[in-house]
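Here's a quick briefing to read alongside the model. Have the viewer open as you go through it.

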Amino acid sequence: MLHSRYDAFSYVENADEKKKKQGNPILMIVAGYLALISLGATLLSLPFAQRQPVGILDAFFTAGSAVCVTGLSTIDISSSFTAFGNWVLVILMQCGGLGIMTISTVIILLAGMHPGFNHQSALLANYTQEGNVDATQILKAVIPFTFILEACGAVAYFTQFSGMGLYDRIFCSLFQAISSFCNVGFTLFPDSLVQFQLNPVMNLTTCILALAGGFGFLAITEVRYMFDFKSRSLRKISLHTRIAIGFTLVIVLTSIAFFTFSEWNNTFADLSLGEKLESSAFMAFTSRTAGLNNVNVPTLSVGSLFFFVIIMLIGANPGSCGGGIKTTTTAVIFLLGFNRLLGRNKTQVYGRTIPEDTVDKAVRIFVVAIAVIVTATLLLLETEAPSTSNAQGSFLKVFFEVVSAYSTCGLSMGLTPDLSIPGKIIVFMVMFIGRMGPLFLISAVAKKQDEGMWYAEEDIMVG
């Protein structure tokens, strides 16, 4: 018996050593993103990648913005890089949109190898809450869907870029399709998409790509197979997808109504009712995380700018190219408060109870987001905002930029191109944390240990 115990102990010890050798998947993802950003910055710093001189910090910021699918830029993308530099951006945007784990898993599979357990776990965490799905099944669904939709978008864009040469027309269409689907927000036009404000093909294509890229693989898959043609009936969809669809619909419809009302006599003053609704719909679909705009952002009303901040912070659905704290996170926090107001101890919706671990994770995500945004805003107010005159305007501009960076949206009131060196570093860190934040939280929850010991309770006054 003693001998068998030693054997068991030895087996556990070897398993622990093997687990340590595999490494932390979260650290592996962080290292992968940093390596890709560094490689992209190096390539963008090459002389033949630049039309005009771009500093190493600006190159690093641009590469980071592309990989983090943010779209904020300290330089004019349309005039700063050659064809080679723009191709580098295309690759960085595509890799950032699909995710490091997706790209690395594809490379491993193409090399004839099988991804390890930690590798597959990190990949599945990006796309589904189910742990019993094989990585190859995920890739067979995600990769074709992405490329097919981007190709369709590129064809639609191609029909609208008639004033260009053939190569520029093809490349610009591809660039814009990838940027829109991956919710990056980069364009090869100096005014984003303002010149296409009343172009229905451009607006519809961009909205569809941005919505699809920010909708999430799990939700899209369930919606795609929701109708059973054999039995001619609707399949049951998960609570996750129901919340994602419902909350997305509420945000979009509310945004259209609010932007139409807020900008009626402002930026939409010279537009017809149909044109106002079209412009409002474009803003509603793309402002949450895609970062593309068909109006000049600094000219929007204060109410519209603050509403932008709210929907940018909410962001897209989980398992998508988009950022933010995510729609389902916001929904869970709202449902938590609503159920507590009704005196319920559990968070319930649609006849289901959301697990406490999920509620706890949502609260953690929200708290971290607020902490990062407040800290970065205070720092940028010290490094960027003028100490005299228009202090209130400076606060809104800084706050807007920070939320845009954290939510990886990319909309800007014009502060980013004028950032100081410390300001660029701060915004870059916010972009990176915004892109990686949920992964850190997943890791933190997974490592949580309950030792069954608590301190003595003592009540305090609240409210």
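Predicted model: local features only at pLDDT ≥ 70, side-chain atom pairs only at ≥ 80, totals over all residues.

## Helix contacts, a patch and a salt bridge

Ile 421 sits in helix H18, where helices are DSSP runs of H or I with at least four residues, numbered from the N terminus. Residues are numbered from 1 along each chain as its sequence is written, and side-chain values use heavy atoms, with hydrogens and water left out.

**Nonpolar patch**

- Ile 56, Leu 57, Ile 421, Ile 425, Met 429 and Ile 433 make a nonpolar surface patch of about 530 Å².
- Patch residues have over 30% relative accessible area and no salt bridge, with nonpolar side chains (Val, Leu, Ile, Met, Phe, Trp, Tyr) joined within 5 Å; the areas come from the Shrake-Rupley method with a 1.4 Å probe, and for residues only the protein chains shown count as cover.
- Helix H3 (56–67) and helix H18 (421–446) each put in at least two residues, and H18 gives the most, with four.

**Salt bridges**

- The count comes to two salt bridges, taking a side-chain nitrogen of Lys or Arg within 4 Å of a carboxyl oxygen of Asp or Glu.
- One of them pairs Lys 424 with Asp 58, with the closest N and O atoms 2.8 Å apart.
- That pair ties together distant parts of the chain: Lys 424 is in H18 and Asp 58 in H3, 366 residues apart.

**H3 against H5**

- The axes of H3 and helix H5 (residues 83–98) come within 7 Å and cross at roughly 40°; axes are lines fitted to C-alpha atoms over the stretch in contact, and angles run from 0 to 180 degrees between N-to-C directions.
- Thr 62, Ala 63, Ala 66 and Val 67 of H3 meet Leu 89, Leu 92, Met 93 and Gly 96 of H5, contact being heavy atoms within 4.5 Å.
- These contact residues split into six nonpolar, two polar and no charged (Ala, Val, Leu, Ile, Met, Phe, Trp, Tyr, Cys and Pro are nonpolar, Asp, Glu, Lys and Arg charged, the others, Gly among them, polar).

How values were computed. Patch = residues over 30% accessible without salt bridge, like charges linked within 9 Å, V, L, I, M, F, W, Y side chains within 5 Å.
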